[in-house]
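Q: Please take a close look at one part of the chain shown here. Start with a single residue and then place it in its surroundings.

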Amino acid sequence: MSALSTVIVPINRAGWPFILAFAVVTLILFWLSTFLGWIGVILTAWCAYFFRDPDRVVPSRPGLMVSPADGLVQMITKAVPPPELGMGPEPLTRISIFLNVFNVHINRTPIEGTVTRAEYHPGKFLNASFDKASDLNERMSIRLAMPDGREIAFVQIAGLVARRILCTLKPGQSVATGERYGLIRFGSRTDIYLPDGVQPLVIVGQKALGGETILADLTSAEPQRQGVVR
């Protein structure tokens with residue numbers, strides 16, 4: 001049974017309606033043409049693969065902030081958090097993680113704390129790799145107060161293909177580090193804004209795993225990580 005679980009990855013329940021829809025279309029395609037039917041099989045398999053929801057080993061030491069998503073660390077820059085969160089006009093260090101259509105799209109909370117704001121903002125569906133996507137695209141923004149009183153923000157951003165953001169977080173809700181809280185369907189980006197003075201421990205070009213890759217250590221005075229992805 002344990003060997004089987006390493007091959008068969010759980011599917012997030014939000015994906016089953018899509019997988020079933022793909023399967024029905026595949027049956028219709030087989031009725032029309034065997035060739036088209038096999039294309040449908042491939043697309044159905046990809047849909048199931050997209051909604052996979054693997055378990056992750058979440059670091060348990062207090063103060064460690066983990067990646068909220070799988071993907072590529074695309075940008076590390078200074079930026080003002082989304083205005084709907086009311087975090088003020090001062091720029092904070094923002095880490096942007098780009099998710100392509102082959103990444104796991106389950107989002108996880110970066111660190112333990114209490115949700116103080118959860119705001120949906122309608123917008124465009126530009127390519128999520130563009131810097132302006134943070135301001136112009138559809139997004140779901142979360143403001144989180146940590147046990148030590150400091151706050152962070154993390155944002156689900158829809159992309160060129162994505163048309164639906166799912167988020168289960170509500171104001172007043174307490175969360176643990178690495179807890180599943182939503183997903184973005186079919187390509188997207190996740191931004192996280194670090195507290196003032198906290199340095200990122202990842203570099204641009206690095207691949208991140210949601211719930212596992214450590215983005216920052218709130219208890220460390222280590223300078224910003226330097227390096228080149230090879």
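What is the relative accessible area of Thr213, and is this residue buried or exposed?

A: Thr213 is buried, because its relative accessible area is 15% (buried means under 20%, exposed over 50%, and partly exposed in between, with a 1.4 Å probe and protein chains only). The model is predicted: local features need pLDDT of at least 70, and side-chain atom pairs count only at pLDDT 80 or more, while totals for chains, interfaces and linings use all residues. Residues are numbered from 1 along each chain as its sequence is written, and side-chain values use heavy atoms, with hydrogens and water left out.

Thr213 sits in the loop that runs between strand E12 (207-208) and strand E13 (214-217). Strands (E, at least two residues) and helices (H or I, at least four) are DSSP runs, numbered from the N terminus. With neighbours within four places in sequence set aside, Thr213 is in contact with Met65, Val66, Ser67, Val202, Gln206, Lys207 and Ala208; contact means heavy atoms within 4.5 Å.

The wider chain comes next. It has four helices and 13 strands, and 45% of its 230 residues are buried. Of the contacts between residues at least 6 apart in sequence, 73% join residues at least 24 apart.

E12, at one end of the Thr213 loop, belongs to an open sheet of eight strands, in the order E9-E5-E6-E7-E11-E3-E2-E12, with antiparallel pairing. E12 and strand E9 (174-175) are at the edges with a single partner strand each, so one side of each has no neighbour in the sheet. Two strands count as paired if DSSP finds at least two bridges between them. In general, strands of a sheet pair through backbone hydrogen bonds, either parallel or antiparallel.

At the E9 end of the order, two bridges join E5 to E9, and the two strands run antiparallel. Thr114 stands opposite Ser174 in E9. Strand E5 (residues 113-121) is also joined to strand E6 (residues 139-145), by seven bridges and again antiparallel. Across this pair, Arg117 stands opposite Arg143 in E6, and Tyr120 stands opposite Met140 in E6. Arg143 is buried at a relative accessible area of 17%. Arg143 also forms a salt bridge with Glu151, whose closest N and O atoms are 2.8 Å apart (a salt bridge is a side-chain nitrogen of Lys or Arg within 4 Å of a carboxyl oxygen of Asp or Glu). Glu151 is partly exposed, at 24% relative accessible area.

Ala79 is in strand E2 (residues 71-79) and counts as buried, at 12% relative accessibility. Not counting residues up to four places away in sequence, Ala79 touches Glu90, Pro91, Leu92, Arg94 and Tyr193. From Ala79 to Ser134 the separation is 55 residues in sequence and 9.6 Å in space, C-alpha to C-alpha. Ser188 is in strand E11 (residues 188-193) and is buried, at 0% relative accessibility.

The structure holds 10 salt bridges, and Asp53, Asp55 and Arg180 are linked in a network of them. Arg180 meets Asp53 with closest N and O atoms 2.8 Å apart. Arg180 lies in strand E10 (residues 180-184) and Asp53 in the loop between H3 and strand E1 (64-66), so this pair ties together parts that are 127 residues apart in sequence. Asp55 also forms a salt bridge with Arg180, with closest N and O atoms 3.0 Å apart. Asp55 lies in the loop between H3 and E1, so its pair with Arg180 ties together parts that are 125 residues apart in sequence.
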